[in-house]
Each structure stands twice: as structure tokens, then as C-alpha cells.
Amino acid sequence: MGKTMRKKMKGSQNLRQRLLLSTLSSTPIVIDDIRADDMIPGLRPHEVNLLRLFETVTDDAFVEVNETGTQLKYKPGIIMGGKNLVHTCSLSRSIGYYLEPLILLGLFGKKPLSIRLKGITNDSRDPSVDTFRSTTLNIIKRFGVPAEDLELKIEARGVAPNGGGEVLLTIPNVKTLSAVHWVEEGMVKKIRGITFSTRVTSDFEHSMRFSARGIFNNLLPDVHIFQDHKTGAQAGKSPGYGISLVAETTTGCYISADTTVSCERPDETGELDVEKKERLPAEDTGVEVASWLLQEIEKGGVVDSTHQGLLFLLCALSEQDVSKVRVGTLSPYAVETLRNIKEFLGVKFDIKPDPLTGTVILKCTGSGLINLSRKLS
């Protein structure tokens, strides 16, 4: 047996994406200097937990972490998928952190994926499970993924710091993804949204809905924001509330914005304490997210800035045909994604700014990734 050739990388940035692309391209990696100079060096709890999730949905993966957690060796296994899987996510990040890589892994599994994820469903750092349900899944359908087996059910809500939320994700497997020509944003025809509250009065929801609608009603008539007040076991273990909004356009684009307010802060200086700022009143939260959504629409592009990275990954993984997409200003995460795609898949994007609209048009030829292990029914 020859020695395994591993791709050498450094640092903790984009660990999630590196693991994903390593798995999809069957490329073993070794990552050194993971927060080597930090007060607390090495992998964070949510990153170790993510590795466990990769082990759950793949078979025969090899993971080795040194004593300090500053070096990781990863040899990807075969993506299996499977039914009735369960994974408890780390409480230092929300379920949204795990969903993006999980959805892409599921598409290229041997069997369709059905997995129950437990933890924090909504926080202010990662896209909420509502955004994944209303926006992310619709973006994925563009690439030829069948809609009937693509679903995210929110069975219980859970906010930081104690979580208690639960979602059920089902993802069909595909042989290959279709290339897309997606450059027309269209006009916004309707706005949908959902507010939720857990272990607090539903008055918070009324305030958010009223203030968000106050902004949109001046702009278009078709605005509906639904309520999801949870009680009992479905309300998780911590009090909080939030809002998720999505604008749908005449050409089938979905642009989203969301946030969550946790009414309980952890005492210890954990990573959850990113924002120690004063909590906004509920009506201000509604105004803030409505304004974010309008800013995302103004930037132009067929997806919002949160989804740019996912869009580029889907284009790069699709069949060996040309995909062409339009986005607003490239986010830092999207730029990192383009670098990682080139590194692992060898796919280069042709990037042309459109000075008339302030948007950017990207073209690439897909890597033609084929799901060879897919079981044909």
C-alpha cells in the first residue's frame, strides 16, 4: 500500500467547507495551525461535533486530531445517507451551521438521507431553519433536485443558550446536478415571513409583525407574515423570539433575511456571547430585519449574500456544462468559497462586474461530479 497523499492546509478558516469539498472530491487533507496562537488553541466544540456528523453520514471516514486540537487529519469515506439518522448538534452553533454541508452531502449519498438534528434552531449568527426551508431548498431545486423528497420539518424550536429544538431533514440523492443559466432577478411580487416565540409572551411576535408590515405595506400589497408561538416541549429550553422574511420575485428568486433574539445569556465567556450589545425591543427587531431584506433586494442578484457561497458550490458541482449566475457584491465568504472550489475541484469562475446594475456575473464549467454509489430504485 502506498502512502496516502494528503492536501496540506493551514488555519481554522472555512473548516466546514474544506471538510465538505474534501469529502465530495475524495481528497484526504491535513490541516495544521488550527488556532495555534489562541488562548484556547485547537478545534472548537462545534467543529469536533461537525466531524462527528460527517462520520454519521459517511462510511469508513478516518479522523485524527492531535492532543492540542491544532492538527486535523481527515480521510473522507463513502457518503452513505440513510434513514432514521439522529445527530445532536453542539450548542455553540445553531443547526443552520450544519445544514449547508449536510444538504450537499445528502445529494451525493448512496441512499436518500433522512436525519433528525437536535439543538439550536434559531440564532443571530447562522441562517435560521426557517430560511433553509423557505429559501435554501428552493435554490437547490433550480439545479434539478426533485422537490417531492426535499423537506425540512421544524418539530420543536430552540434558541441559545440551551437549545432544545428539533428538525427533520430529508434529502433525495441525485446522479448529477444540472447546470443553470440564472441571471434575471425579476421584480419582487410577494413577501412571506414567519415570527416565532419560545417561553415568552406572543406579544413579541405581534410587535415584530406589525413593524415589519409597516415598512412593506407601502411597497407592495402581497405581504403575509405568519406566527409560530411555541409552548411546552416544542418551545425548547430557553426563552427567545425571532423573525424570518423572504421576498419572492417574478423569476423565481428567493431573497431572505432573519434574526433571533435570545432572552437569556450564558454567564461564562462562551462563543455564544458574540454580541453583548443591548437587546433591541421587538418592534425595532421587525424594522431591522425588514430593512435588511430591502438592502439585500437592492444589492441585486438571484440570491442574497448569505446564499452566494452555496450557489457557487452548486454551480461547481454540476454537470460539465456552463453555468451563468448573477449576484450582488461578493461577500467575503463567497470569495473564500471560490478559492476553495478552485483548490479542491479545479473549477475556475469567470467573474465580470456589471457596472450598469452594480452586480457581478459569474460563469463556470461544472466539475461534472457524478454520484457513482447511488442506488437505483
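Helices (H or I, at least four residues) and strands (E, at least two) are here DSSP runs, numbered from the N terminus. By this definition the protein has 8 helices and 18 strands, and Asp60, for instance, is placed in the loop between strand 3 (58–59) and strand 4 (62–65). The model is a predicted one, in which local features need pLDDT of at least 70 and side-chain atom pairs count only at pLDDT 80 or more, while totals for chains, interfaces and linings use all residues. Residues are numbered from 1 along each chain as its sequence is written, and side-chain values use heavy atoms, with hydrogens and water left out.

**Overall dimensions**

With 377 residues, a compact globule would have a radius of gyration near 21 Å, and the protein agrees with this at 21 Å; the radius is taken over C-alpha atoms, and the globule rule is 2.2 Å times the number of residues to the power 0.38. Along the principal axes, the C-alpha atoms of the protein fill a box of roughly 65 × 50 × 45 Å. Buried residues make up 54% of the 377 residues, where buried means under 20% relative accessible area, exposed over 50%, and partly exposed in between (1.4 Å probe, protein chains only). The protein exposes about 16,800 Å², of which carbon and sulfur atoms supply 50%; accessible areas come from the Shrake-Rupley method with a 1.4 Å probe, and for residues only the protein chains shown count as cover. Among contacts (heavy atoms within 4.5 Å) between residues at least 6 apart in sequence, 74% join residues at least 24 apart.

An open sheet is formed by 4 strands in the order 11-16-18-17, with mixed pairing. Strand 11 (181–182) and strand 17 (350–354) stand at the edges with a single partner strand each, so one side of each is left without a neighbour in the sheet.

| Strand pair | Sense | Bridges | Partner residues |
|---|---|---|---|
| Strand 11 and strand 16 | parallel | 2 bridges | Trp182 and Val325 |
| Strand 17 and strand 18 | antiparallel | 5 bridges | Asp350 and Lys363 |

In strand 16, the bridge partner of Trp182 is Val325. Helix 7 packs on the sheet, touching strand 11, strand 16 and strand 18 (359–365), and its direction makes about 170° with that of strand 16; axes are lines fitted to C-alpha atoms, for helices over the stretch in contact, and angles run from 0 to 180 degrees between N-to-C directions. Of the 10 residues of helix 7 (residues 308–317), 10 are buried, so the helix is largely enclosed by the rest of the structure; among them are Gln308, Phe312 and Cys315. Strand 18 is also largely enclosed by the rest of the structure, because 5 of its 7 residues are buried.

**Turns and backbone angles**

Strand 17 and strand 18 form a hairpin with 4 residues between the strands, in which Gly358 takes a positive phi near 75°. The hairpin of strand 4 and strand 5 has 6 residues between its strands, and Gly69 in the turn has a positive phi of about 80°.

Arg35, in the loop between strand 2 (29–32) and helix 2 (45–57), has a positive phi of about 50° and counts as buried at 16% relative accessibility. Asp60 has a phi near 75°, and at 61% relative accessibility this residue counts as exposed. In the loop between strand 9 (151–156) and strand 10 (165–171), where Pro161 is found, the peptide bond from Ala160 to Pro161 is cis, with omega near 5°.

**Surroundings of Thr131**

Thr131 is found in helix 4 (residues 129–141) and counts as buried at 2% relative accessibility. Its side chain is joined to that of Asp258 by a polar contact of 2.5 Å; such a contact is a pair of N or O atoms within 3.5 Å, of which, within protein, one must be able to donate a hydrogen and the other to accept it, and residues adjacent in sequence count only if both atoms are side-chain atoms. Not counting residues up to four places away in sequence, Thr131 touches Thr136, Ser244, Ser256, Asp258 and His307.

Terms used
Pairing = 2+ DSSP bridges.
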